[in-house]
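Please look through the structure shown here with attention to its backbone geometry, its strand pairing and its charged side-chain pairs. The report below takes up these topics in turn.

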Amino acid sequence: MVRLTKRQARQFLLLKHGLLGEHRFIGKAGIMDFVRQVGCIQYDPIDVCGKNAELVLQSRISGFSKSMLDELLYQDRLLVDYPDKNLAIMPVEDWPFFERYRQAARQHAMKYPEMEALTTQVRNYIQHQGPVSSNDLNVLQLNGDFTWSSAIHWSSGNNISRAVLEQMYSTGELVIHHKKGTRKYYDVAEKHIQSDLLHAPEPLLNELQHHKWRVLRRIGAVGLLWNRASDAWLHIWGLKSEQRNNVFHELLQEERIIEVKVEQMKETLYCRAEDITWIDTILQNQEFPMRCELIAPLDNLMWDRKLINALFDYDYKWEIYTPALKRKFGYYVLPLLYGDRFIGRAEIVVERKASKLVVKHVWYEKDVQLTKQLEARVNDCFKRFSLFNSCETVVMEAY
(Lines give C-alpha, C1' and ligand atoms only; values in the text may rest on other atoms or scores of the structure.)
Protein backbone atom coordinates (compact mmCIF):
# COMPACT_ATOMS: atom_id res chain seq x y z
CA MET A 1 0.00 0.00 0.00
CA VAL A 2 1.14 3.51 -0.88
CA ARG A 3 0.21 6.53 1.25
CA LEU A 4 -0.02 9.97 -0.34
CA THR A 5 -1.11 13.43 0.58
CA LYS A 6 -3.81 14.95 -1.60
CA ARG A 7 -1.24 17.14 -3.29
CA GLN A 8 1.01 14.16 -4.01
CA ALA A 9 -1.97 12.26 -5.48
CA ARG A 10 -2.80 15.24 -7.70
CA GLN A 11 0.80 15.55 -8.82
CA PHE A 12 0.98 11.84 -9.61
CA LEU A 13 -2.11 12.06 -11.80
CA LEU A 14 -0.92 15.15 -13.64
CA LEU A 15 2.63 13.87 -14.10
CA LYS A 16 1.36 10.60 -15.53
CA HIS A 17 -0.90 12.51 -17.91
CA GLY A 18 1.92 14.73 -19.11
CA LEU A 19 0.24 17.81 -17.64
CA LEU A 20 2.82 18.63 -14.95
CA GLY A 21 6.27 20.00 -15.62
CA GLU A 22 7.96 19.96 -19.01
CA HIS A 23 6.17 18.36 -21.96
CA ARG A 24 7.14 14.72 -22.39
CA PHE A 25 4.81 13.93 -25.31
CA ILE A 26 6.02 15.50 -28.55
CA GLY A 27 4.52 15.50 -32.04
CA LYS A 28 2.87 12.49 -33.72
CA ALA A 29 5.08 10.01 -31.86
CA GLY A 30 3.96 11.66 -28.62
CA ILE A 31 0.31 11.25 -29.60
CA MET A 32 0.83 7.53 -30.07
CA ASP A 33 2.75 7.23 -26.79
CA PHE A 34 -0.05 8.99 -24.91
CA VAL A 35 -2.93 7.07 -26.52
CA ARG A 36 -1.19 3.78 -25.86
CA GLN A 37 -0.73 4.81 -22.23
CA VAL A 38 -4.40 5.66 -21.71
CA GLY A 39 -5.88 3.04 -24.07
CA CYS A 40 -8.34 5.41 -25.70
CA ILE A 41 -9.49 9.00 -25.82
CA GLN A 42 -13.17 9.79 -26.04
CA TYR A 43 -14.52 11.16 -29.32
CA ASP A 44 -17.25 13.78 -29.42
CA PRO A 45 -18.22 15.62 -32.63
CA ILE A 46 -19.17 18.96 -31.01
CA ASP A 47 -16.68 21.61 -32.11
CA VAL A 48 -17.01 24.90 -30.25
CA CYS A 49 -13.28 25.45 -29.81
CA GLY A 50 -11.94 22.08 -30.96
CA LYS A 51 -13.37 18.56 -30.74
CA ASN A 52 -12.89 16.70 -27.48
CA ALA A 53 -10.11 14.38 -28.69
CA GLU A 54 -8.22 17.36 -30.11
CA LEU A 55 -8.66 19.24 -26.84
CA VAL A 56 -7.26 16.29 -24.89
CA LEU A 57 -4.16 16.21 -27.06
CA GLN A 58 -3.49 19.95 -27.31
CA SER A 59 -3.05 20.13 -23.53
CA ARG A 60 -0.35 17.44 -23.53
CA ILE A 61 1.38 17.18 -26.90
CA SER A 62 4.12 19.68 -27.69
CA GLY A 63 3.68 20.95 -31.25
CA PHE A 64 0.23 19.38 -31.63
CA SER A 65 -1.93 20.31 -34.61
CA LYS A 66 -5.35 18.96 -35.55
CA SER A 67 -3.96 17.57 -38.80
CA MET A 68 -1.68 15.22 -36.84
CA LEU A 69 -4.62 13.35 -35.35
CA ASP A 70 -6.33 13.19 -38.73
CA GLU A 71 -3.19 11.73 -40.31
CA LEU A 72 -2.78 9.08 -37.61
CA LEU A 73 -6.42 8.05 -38.05
CA TYR A 74 -6.95 8.21 -41.81
CA GLN A 75 -3.54 8.12 -43.48
CA ASP A 76 -1.12 6.26 -41.19
CA ARG A 77 -3.97 4.11 -39.80
CA LEU A 78 -2.15 3.72 -36.48
CA LEU A 79 -5.30 4.85 -34.68
CA VAL A 80 -8.87 3.73 -35.30
CA ASP A 81 -12.36 4.97 -34.38
CA TYR A 82 -14.24 2.33 -32.40
CA PRO A 83 -16.48 2.20 -29.30
CA ASP A 84 -14.53 1.83 -26.07
CA LYS A 85 -15.60 4.41 -23.51
CA ASN A 86 -18.49 5.41 -25.75
CA LEU A 87 -17.22 6.31 -29.23
CA ALA A 88 -13.47 6.57 -28.92
CA ILE A 89 -10.10 6.68 -30.65
CA MET A 90 -7.71 3.83 -29.85
CA PRO A 91 -4.49 2.23 -31.17
CA VAL A 92 -5.29 -0.09 -34.06
CA GLU A 93 -3.31 -2.91 -32.38
CA ASP A 94 -6.08 -3.12 -29.75
CA TRP A 95 -8.62 -4.14 -32.41
CA PRO A 96 -8.60 -7.89 -31.52
CA PHE A 97 -9.55 -7.21 -27.89
CA PHE A 98 -12.98 -5.98 -28.99
CA GLU A 99 -13.86 -8.97 -31.17
CA ARG A 100 -16.51 -10.12 -28.65
CA TYR A 101 -18.41 -6.88 -29.29
CA ARG A 102 -18.29 -7.33 -33.04
CA GLN A 103 -19.48 -10.92 -32.62
CA ALA A 104 -22.36 -9.65 -30.49
CA ALA A 105 -23.30 -7.24 -33.28
CA ARG A 106 -23.32 -10.10 -35.82
CA GLN A 107 -25.59 -12.15 -33.58
CA HIS A 108 -27.83 -9.14 -32.99
CA ALA A 109 -28.32 -8.71 -36.75
CA MET A 110 -29.69 -12.25 -37.00
CA LYS A 111 -32.83 -10.98 -35.22
CA TYR A 112 -33.53 -8.78 -38.24
CA PRO A 113 -33.56 -10.96 -41.41
CA GLU A 114 -34.35 -7.92 -43.59
CA MET A 115 -30.98 -6.41 -42.62
CA GLU A 116 -29.06 -9.03 -44.64
CA ALA A 117 -30.45 -7.89 -48.00
CA LEU A 118 -29.83 -4.24 -47.15
CA THR A 119 -26.27 -5.02 -46.09
CA THR A 120 -25.62 -6.77 -49.41
CA GLN A 121 -26.82 -3.72 -51.34
CA VAL A 122 -24.58 -1.38 -49.35
CA ARG A 123 -21.60 -3.73 -49.57
CA ASN A 124 -21.88 -3.89 -53.38
CA TYR A 125 -22.28 -0.10 -53.61
CA ILE A 126 -19.16 0.59 -51.53
CA GLN A 127 -17.12 -1.94 -53.50
CA HIS A 128 -17.93 -0.05 -56.70
CA GLN A 129 -18.13 3.56 -55.44
CA GLY A 130 -15.66 3.70 -52.56
CA PRO A 131 -16.16 5.44 -49.19
CA VAL A 132 -19.72 6.62 -48.49
CA SER A 133 -21.76 8.52 -45.94
CA SER A 134 -25.38 7.78 -45.16
CA ASN A 135 -26.44 10.63 -47.48
CA ASP A 136 -24.61 8.99 -50.38
CA LEU A 137 -26.79 5.91 -50.00
CA ASN A 138 -29.96 7.82 -50.82
CA VAL A 139 -29.54 6.73 -54.44
CA LEU A 140 -30.15 3.13 -53.36
CA GLN A 141 -33.55 4.03 -51.92
CA LEU A 142 -33.13 1.51 -49.12
CA ASN A 143 -36.43 0.51 -47.55
CA GLY A 144 -37.24 -1.12 -44.25
CA ASP A 145 -40.17 -0.95 -41.87
CA PHE A 146 -38.25 -1.65 -38.66
CA THR A 147 -36.65 0.58 -36.04
CA TRP A 148 -33.04 -0.48 -35.70
CA SER A 149 -30.92 -0.34 -32.59
CA SER A 150 -27.28 -1.31 -32.94
CA ALA A 151 -25.91 -3.90 -30.53
CA ILE A 152 -22.79 -1.85 -30.04
CA HIS A 153 -23.46 1.79 -29.43
CA TRP A 154 -26.34 3.85 -30.75
CA SER A 155 -29.88 3.90 -32.03
CA SER A 156 -30.60 4.98 -35.58
CA GLY A 157 -34.37 5.22 -35.51
CA ASN A 158 -35.88 5.06 -39.00
CA ASN A 159 -32.80 6.27 -40.91
CA ILE A 160 -32.23 3.01 -42.78
CA SER A 161 -29.04 4.09 -44.58
CA ARG A 162 -27.42 5.13 -41.36
CA ALA A 163 -28.62 1.99 -39.58
CA VAL A 164 -27.06 -0.31 -42.18
CA LEU A 165 -23.75 1.56 -42.16
CA GLU A 166 -23.58 1.53 -38.38
CA GLN A 167 -24.41 -2.16 -38.25
CA MET A 168 -21.62 -2.96 -40.72
CA TYR A 169 -19.31 -0.72 -38.68
CA SER A 170 -20.32 -2.49 -35.46
CA THR A 171 -19.47 -5.89 -36.91
CA GLY A 172 -16.09 -4.65 -38.14
CA GLU A 173 -16.89 -5.03 -41.83
CA LEU A 174 -16.55 -1.27 -42.27
CA VAL A 175 -14.33 1.33 -40.65
CA ILE A 176 -14.56 5.09 -40.70
CA HIS A 177 -12.56 6.19 -43.72
CA HIS A 178 -12.63 9.89 -42.82
CA LYS A 179 -14.88 12.58 -41.39
CA LYS A 180 -16.11 15.90 -42.77
CA GLY A 181 -17.29 17.89 -39.80
CA THR A 182 -19.69 15.59 -37.99
CA ARG A 183 -20.36 13.41 -41.05
CA LYS A 184 -18.68 10.00 -41.14
CA TYR A 185 -17.59 8.26 -44.35
CA TYR A 186 -17.21 4.48 -44.27
CA ASP A 187 -15.08 2.06 -46.26
CA VAL A 188 -14.27 -1.65 -46.26
CA ALA A 189 -12.12 -2.49 -43.23
CA GLU A 190 -9.89 -4.88 -45.18
CA LYS A 191 -8.46 -1.94 -47.11
CA HIS A 192 -7.27 -0.16 -43.98
CA ILE A 193 -6.49 -2.69 -41.24
CA GLN A 194 -3.84 -5.32 -41.84
CA SER A 195 -5.24 -8.82 -42.14
CA ASP A 196 -3.52 -10.34 -39.10
CA LEU A 197 -5.16 -7.70 -36.88
CA LEU A 198 -8.50 -7.57 -38.65
CA HIS A 199 -9.08 -11.31 -38.45
CA ALA A 200 -7.26 -12.01 -35.19
CA PRO A 201 -9.20 -14.21 -32.77
CA GLU A 202 -10.40 -12.90 -29.42
CA PRO A 203 -7.20 -12.97 -27.28
CA LEU A 204 -9.06 -13.17 -23.94
CA LEU A 205 -10.82 -16.48 -23.51
CA ASN A 206 -13.56 -15.61 -21.02
CA GLU A 207 -15.50 -12.69 -19.60
CA LEU A 208 -13.42 -12.48 -16.43
CA GLN A 209 -10.19 -12.13 -18.39
CA HIS A 210 -11.82 -9.51 -20.59
CA HIS A 211 -13.10 -7.56 -17.58
CA LYS A 212 -9.64 -7.66 -15.97
CA TRP A 213 -8.05 -6.32 -19.15
CA ARG A 214 -10.57 -3.52 -19.47
CA VAL A 215 -10.57 -2.50 -15.80
CA LEU A 216 -6.77 -2.38 -15.81
CA ARG A 217 -6.91 -0.35 -19.00
CA ARG A 218 -9.40 2.13 -17.46
CA ILE A 219 -7.29 2.52 -14.33
CA GLY A 220 -4.39 3.34 -16.64
CA ALA A 221 -6.58 5.74 -18.60
CA VAL A 222 -7.31 7.85 -15.53
CA GLY A 223 -4.32 7.06 -13.34
CA LEU A 224 -6.14 6.52 -10.04
CA LEU A 225 -9.57 4.95 -9.61
CA TRP A 226 -11.64 3.49 -6.82
CA ASN A 227 -13.69 0.30 -6.76
CA ARG A 228 -17.11 1.93 -6.95
CA ALA A 229 -19.68 2.96 -9.53
CA SER A 230 -18.12 5.45 -11.90
CA ASP A 231 -18.46 6.86 -15.40
CA ALA A 232 -14.92 5.59 -15.89
CA TRP A 233 -16.39 2.07 -16.33
CA LEU A 234 -18.85 3.07 -19.08
CA HIS A 235 -19.40 0.59 -21.91
CA ILE A 236 -17.75 -2.40 -20.22
CA TRP A 237 -20.53 -4.91 -20.78
CA GLY A 238 -21.52 -7.05 -17.82
CA LEU A 239 -19.32 -5.24 -15.30
CA LYS A 240 -21.68 -4.98 -12.33
CA SER A 241 -20.49 -4.44 -8.76
CA GLU A 242 -20.07 -8.18 -8.13
CA GLN A 243 -17.93 -8.65 -11.23
CA ARG A 244 -15.95 -5.48 -10.50
CA ASN A 245 -15.20 -6.63 -6.93
CA ASN A 246 -13.95 -9.95 -8.26
CA VAL A 247 -11.77 -8.21 -10.86
CA PHE A 248 -10.18 -5.92 -8.27
CA HIS A 249 -9.53 -8.88 -5.98
CA GLU A 250 -7.75 -10.83 -8.72
CA LEU A 251 -5.74 -7.85 -9.97
CA LEU A 252 -4.53 -7.24 -6.41
CA GLN A 253 -3.65 -10.93 -5.96
CA GLU A 254 -1.70 -10.82 -9.22
CA GLU A 255 0.04 -7.60 -8.09
CA ARG A 256 -1.06 -5.79 -11.23
CA ILE A 257 -2.61 -2.96 -9.23
CA ILE A 258 -1.51 -1.21 -6.02
CA GLU A 259 -3.62 0.20 -3.21
CA VAL A 260 -3.20 3.93 -2.68
CA LYS A 261 -4.42 5.61 0.51
CA VAL A 262 -4.85 9.36 0.27
CA GLU A 263 -5.12 11.59 3.32
CA GLN A 264 -8.66 12.62 4.33
CA MET A 265 -10.17 10.06 1.94
CA LYS A 266 -11.98 7.02 3.34
CA GLU A 267 -12.03 5.03 0.11
CA THR A 268 -8.98 3.26 -1.23
CA LEU A 269 -7.71 4.23 -4.66
CA TYR A 270 -5.79 2.02 -7.05
CA CYS A 271 -3.09 2.55 -9.66
CA ARG A 272 -1.42 0.17 -12.09
CA ALA A 273 1.73 -1.51 -10.76
CA GLU A 274 3.83 -0.15 -13.63
CA ASP A 275 2.87 3.42 -12.68
CA ILE A 276 4.63 3.21 -9.32
CA THR A 277 7.64 4.92 -10.91
CA TRP A 278 5.60 8.11 -11.24
CA ILE A 279 4.70 7.90 -7.56
CA ASP A 280 8.38 7.41 -6.69
CA THR A 281 9.15 10.59 -8.63
CA ILE A 282 6.50 12.51 -6.71
CA LEU A 283 7.77 11.23 -3.35
CA GLN A 284 11.17 12.79 -4.12
CA ASN A 285 9.47 16.20 -3.62
CA GLN A 286 10.77 17.62 -6.87
CA GLU A 287 9.74 21.08 -8.01
CA PHE A 288 7.96 21.10 -11.37
CA PRO A 289 7.69 24.03 -13.80
CA MET A 290 4.22 25.58 -13.62
CA ARG A 291 2.10 25.06 -16.71
CA CYS A 292 -1.30 26.52 -17.52
CA GLU A 293 -3.56 24.35 -19.69
CA LEU A 294 -7.18 24.19 -20.80
CA ILE A 295 -8.58 20.69 -20.23
CA ALA A 296 -11.19 18.92 -22.38
CA PRO A 297 -14.68 18.38 -20.87
CA LEU A 298 -14.46 14.62 -21.56
CA ASP A 299 -10.75 14.38 -20.82
CA ASN A 300 -9.54 11.04 -19.43
CA LEU A 301 -8.51 12.91 -16.29
CA MET A 302 -12.13 14.05 -15.81
CA TRP A 303 -13.86 10.70 -16.34
CA ASP A 304 -14.73 10.43 -12.64
CA ARG A 305 -15.71 13.94 -11.57
CA LYS A 306 -16.47 12.85 -8.00
CA LEU A 307 -12.87 11.69 -7.74
CA ILE A 308 -11.65 15.00 -9.17
CA ASN A 309 -13.73 16.83 -6.58
CA ALA A 310 -12.29 14.66 -3.80
CA LEU A 311 -8.67 15.14 -4.87
CA PHE A 312 -8.66 18.66 -6.31
CA ASP A 313 -11.59 20.24 -4.41
CA TYR A 314 -12.90 21.17 -7.83
CA ASP A 315 -16.55 20.66 -8.73
CA TYR A 316 -16.94 20.38 -12.50
CA LYS A 317 -20.04 19.62 -14.50
CA TRP A 318 -20.26 19.66 -18.29
CA GLU A 319 -23.40 21.73 -18.76
CA ILE A 320 -23.84 21.27 -22.49
CA TYR A 321 -27.04 19.26 -21.95
CA THR A 322 -28.28 21.45 -19.09
CA PRO A 323 -31.09 23.87 -20.08
CA ALA A 324 -29.65 27.36 -20.53
CA LEU A 325 -31.58 28.89 -17.64
CA LYS A 326 -30.31 26.22 -15.26
CA ARG A 327 -26.63 26.47 -16.16
CA LYS A 328 -24.32 27.70 -13.45
CA PHE A 329 -21.59 28.59 -15.92
CA GLY A 330 -21.97 28.09 -19.68
CA TYR A 331 -22.67 25.85 -22.67
CA TYR A 332 -19.11 24.66 -23.39
CA VAL A 333 -16.81 25.41 -20.48
CA LEU A 334 -13.26 24.09 -20.12
CA PRO A 335 -11.48 23.42 -16.80
CA LEU A 336 -8.44 25.68 -16.34
CA LEU A 337 -5.38 23.98 -14.83
CA TYR A 338 -2.38 25.78 -13.37
CA GLY A 339 0.42 23.81 -11.77
CA ASP A 340 -1.15 21.04 -9.70
CA ARG A 341 -4.60 22.53 -9.19
CA PHE A 342 -7.65 23.68 -11.10
CA ILE A 343 -7.84 27.45 -10.72
CA GLY A 344 -11.08 28.01 -12.63
CA ARG A 345 -12.91 27.45 -15.87
CA ALA A 346 -13.36 29.31 -19.13
CA GLU A 347 -16.05 29.58 -21.79
CA ILE A 348 -14.34 29.95 -25.16
CA VAL A 349 -15.83 30.18 -28.64
CA VAL A 350 -14.02 30.13 -31.98
CA GLU A 351 -15.43 32.47 -34.63
CA ARG A 352 -13.86 30.79 -37.63
CA LYS A 353 -14.91 33.24 -40.34
CA ALA A 354 -13.36 36.09 -38.38
CA SER A 355 -10.37 33.91 -37.33
CA LYS A 356 -11.05 35.00 -33.77
CA LEU A 357 -10.89 33.21 -30.43
CA VAL A 358 -13.41 34.75 -28.05
CA VAL A 359 -12.94 34.24 -24.32
CA LYS A 360 -16.50 34.87 -23.24
CA HIS A 361 -15.96 34.39 -19.53
CA VAL A 362 -13.43 33.14 -17.00
CA TRP A 363 -14.60 31.99 -13.58
CA TYR A 364 -11.84 31.64 -10.99
CA GLU A 365 -12.14 29.50 -7.90
CA LYS A 366 -12.96 31.50 -4.78
CA ASP A 367 -9.52 31.08 -3.18
CA VAL A 368 -7.54 32.06 -6.29
CA GLN A 369 -5.77 35.41 -6.14
CA LEU A 370 -5.48 36.82 -9.66
CA THR A 371 -2.01 38.34 -9.58
CA LYS A 372 -0.43 40.00 -12.61
CA GLN A 373 1.87 36.99 -12.97
CA LEU A 374 -1.02 34.52 -12.94
CA GLU A 375 -3.05 36.67 -15.34
CA ALA A 376 -0.08 36.71 -17.72
CA ARG A 377 0.22 32.91 -17.60
CA VAL A 378 -3.50 32.49 -18.26
CA ASN A 379 -3.40 34.95 -21.16
CA ASP A 380 -0.42 33.06 -22.61
CA CYS A 381 -2.48 29.87 -22.36
CA PHE A 382 -5.30 31.53 -24.33
CA LYS A 383 -2.81 32.68 -27.00
CA ARG A 384 -1.49 29.14 -27.44
CA PHE A 385 -5.07 27.89 -27.55
CA SER A 386 -5.85 30.38 -30.32
CA LEU A 387 -2.92 29.07 -32.38
CA PHE A 388 -4.20 25.52 -31.89
CA ASN A 389 -7.52 26.76 -33.35
CA SER A 390 -5.76 28.64 -36.20
CA CYS A 391 -7.09 31.99 -34.94
CA GLU A 392 -5.29 35.25 -35.60
CA THR A 393 -6.64 37.20 -32.63
CA VAL A 394 -7.84 36.64 -29.06
CA VAL A 395 -10.76 38.72 -27.80
CA MET A 396 -11.38 38.91 -24.06
CA GLU A 397 -15.07 39.66 -23.54
CA ALA A 398 -15.07 39.31 -19.77
CA TYR A 399 -13.01 38.17 -16.81
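What follows is a description of a predicted model, beginning with a sheet and moving on to salt bridges and backbone angles.

**A sheet of three strands**

The model contains an open sheet of 3 strands in the order β3-β6-β5, and its pairing is antiparallel. The edge strands are β3, which covers residues 41–42, and β5, which covers residues 79–84, and each of these pairs on one side only. In general, strands of a sheet pair through backbone hydrogen bonds, in either a parallel or an antiparallel sense. Here β3 pairs with strand β6, residues 86–91, in the antiparallel sense over 2 bridges, and Gln 42 stands opposite Ala 88 in β6. Helix α2, made up of residues 27–38, lies across β3, β5 and β6, and runs at about 120 degrees to β6.

**Salt bridges**

How many salt bridges does a search of the whole structure find? The search finds 33. As a general point, side chains of opposite charge can pair when their charged atoms come close.

| Salt bridge | N to O distance |
|---|---|
| Asp 47 and Arg 352 | 2.7 Å |
| Arg 214 and Asp 84 | 2.6 Å |
| Arg 345 and Glu 365 | 3.0 Å |

In the salt bridge between Asp 47 and Arg 352, the closest N and O atoms are 2.7 Å apart. Asp 47 lies in the loop between β3 and α3 (52–58), whereas Arg 352 lies in the loop between β16 (341–351) and β17 (356–364), so the pair ties together parts that are 305 residues apart in sequence. Asp 47 is partly exposed, with a relative accessible area of 29%, and Arg 352 is likewise partly exposed, at 44%.

The side chains of Arg 214 and Asp 84 also meet in a salt bridge, at 2.6 Å from N to O. This pair links distant parts of the chain, since Arg 214 belongs to helix α9 (residues 207–222) and Asp 84 to strand β5, 130 residues apart. Are these two residues buried or exposed? Arg 214 is buried, with a relative accessible area of 1%, and Asp 84 is buried as well, with a relative accessible area of 0%.

For Arg 345 and Glu 365, the closest N and O atoms of the salt bridge are 3.0 Å apart. This pair, too, links distant parts of the chain, with Arg 345 in strand β16 and Glu 365 in the loop between β17 and α13, 20 residues apart. Both Arg 345 and Glu 365 are buried. Salt bridges that share partners join Asp 84, Asp 94, Arg 214, Arg 217 and Arg 218 into one network.

**Positive phi angles**

Most residues other than glycine have a negative phi. Against that background, Asp 313 has a positive phi of about 55 degrees although it is not a glycine. Asp 313 is placed in the loop between α12 (305–312) and β15 (333–338), and it is exposed, with a relative accessible area of 53%. Ser 390, which is not a glycine either, has a positive phi of about 60 degrees. Ser 390 is found in the loop between α13 (372–388) and β18 (393–396), where it is exposed, its relative accessible area being 61%.

Technical notes:
Residues numbered from 1 in each chain as written. Predicted model: local features only at pLDDT ≥ 70, side-chain atom pairs only at ≥ 80, totals over all residues. Heavy atoms only, no water. Helix = DSSP H or I, 4+ residues; strand = E, 2+ residues; numbered from the N terminus. Buried < 20%, exposed > 50% of the residue type's maximum accessible area, 1.4 Å probe, protein only. Pairing = 2+ DSSP bridges. Contact = heavy atoms within 4.5 Å. Axes fitted to C-alpha atoms, helices over the stretch in contact; angles between N-to-C directions. Salt bridge = Lys/Arg side-chain N within 4 Å of Asp/Glu carboxyl O.
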